[in-house]
Amino acid sequence: LLCAVAGVIFLRDKISFDALARHSADLLAFRDANYLSASLGFIALYIATVAFSLPGATIVTLTGGFLFGVFPGVIYNVGGATVGAALVFLAARAGFGADLATRLEARGGAAARMQVALQENQWSALLILRLLPILPFFLVNLIAASVGVRLRPFVLTTMLGIIPASLVFTSIGAGLGDVLAAGEVPDLGIIFTPPILLPLLGLAALA
């Protein structure tokens, strides 16, 4: 929590599209000279961004596409996000999550019924929450930890559920070279347009 607050205060301007535009040439030069180090460093950065709920996860996803293309960029993005989510899930469960789950169960009421419903339908419920941008990514991690979700379904539904959106943003990142050359800003609202959102809704309905 301290890292997340510190990130909002100190890193909001450093992890931004403007920062990516300013340092794009340096990043490409480093990638070309040190591809393996750049790949491992990027994955570690993505894991830390998600694990500490730092701002700028979308910018990091775009950077993955910009530096590494759609493939392996989407693999780096999905892998980093999944590992980071698993770490914050385990941390939250070890901290307040287990205690909160016990309190909800003992208290009863609507919260306890929601807890039971999520526990009985972990795979479909988590997959829907990952496929659709209904709740912030970090909030889903905390909710899952607080209702007693098991680690295995959490990790697998996270990995599978974020693939479609990650593929969209990684593809946008892969085309950033032309966008930066034109001095423009990418349209990240594309994920809410019918050609993208309707297939996501279809996948959620199947789940």
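**Close-up 1. Helices H2 and H4 make a right-handed crossing.** This is a predicted model, and here we zoom in on H2 (residues 17–33) and H4 (residues 57–68). Their axes come within 11 Å and cross at roughly 35°. On the H2 side, the residues to look for are Phe 17, Leu 20, Ser 24, Leu 27, Leu 28 and Arg 31. They meet Ile 59, Thr 63, Phe 66, Leu 67 and Phe 68 from H4. Sort the residues of this contact by type and you get eight nonpolar, two polar and one charged.

**Close-up 2. Arg 31 and Asp 32 pair up in a salt bridge.** Their side chains meet at 2.7 Å, N to O. Arg 31 counts as buried because its relative accessibility is 17%, under the 20% cut-off. Asp 32, at 56% relative accessibility, counts as exposed, since that is over 50%. Arg 31 also turns up in the contact of H2 with H4.

**Close-up 3. The largest nonpolar core has 33 residues.** Val 149, Phe 154 and Leu 176 touch the most other members. H5 gives the most, with seven residues.

**Close-up 4. Here are the contacts of Val 149.** Leave aside the neighbours within four places in sequence, and Val 149 is in contact with Phe 89, Arg 93, Gln 122, Leu 126, Ala 144 and Phe 154. Phe 154 is, like Val 149, among the core residues that touch the most other members.

Technical notes
Residues numbered from 1 in each chain as written. Predicted model: local features only at pLDDT ≥ 70, side-chain atom pairs only at ≥ 80, totals over all residues. Heavy atoms only, no water. Axes fitted to C-alpha atoms, helices over the stretch in contact; angles between N-to-C directions. Helix = DSSP H or I, 4+ residues; strand = E, 2+ residues; numbered from the N terminus. Left-handed = near helix turned anticlockwise from the far one by under 90°. Contact = heavy atoms within 4.5 Å. Nonpolar A, V, L, I, M, F, W, Y, C, P; charged D, E, K, R; others polar. Core = buried A, V, L, I, M, F, W, Y, C linked by side-chain atoms within 4.5 Å. Buried < 20%, exposed > 50% of the residue type's maximum accessible area, 1.4 Å probe, protein only. Salt bridge = Lys/Arg side-chain N within 4 Å of Asp/Glu carboxyl O.
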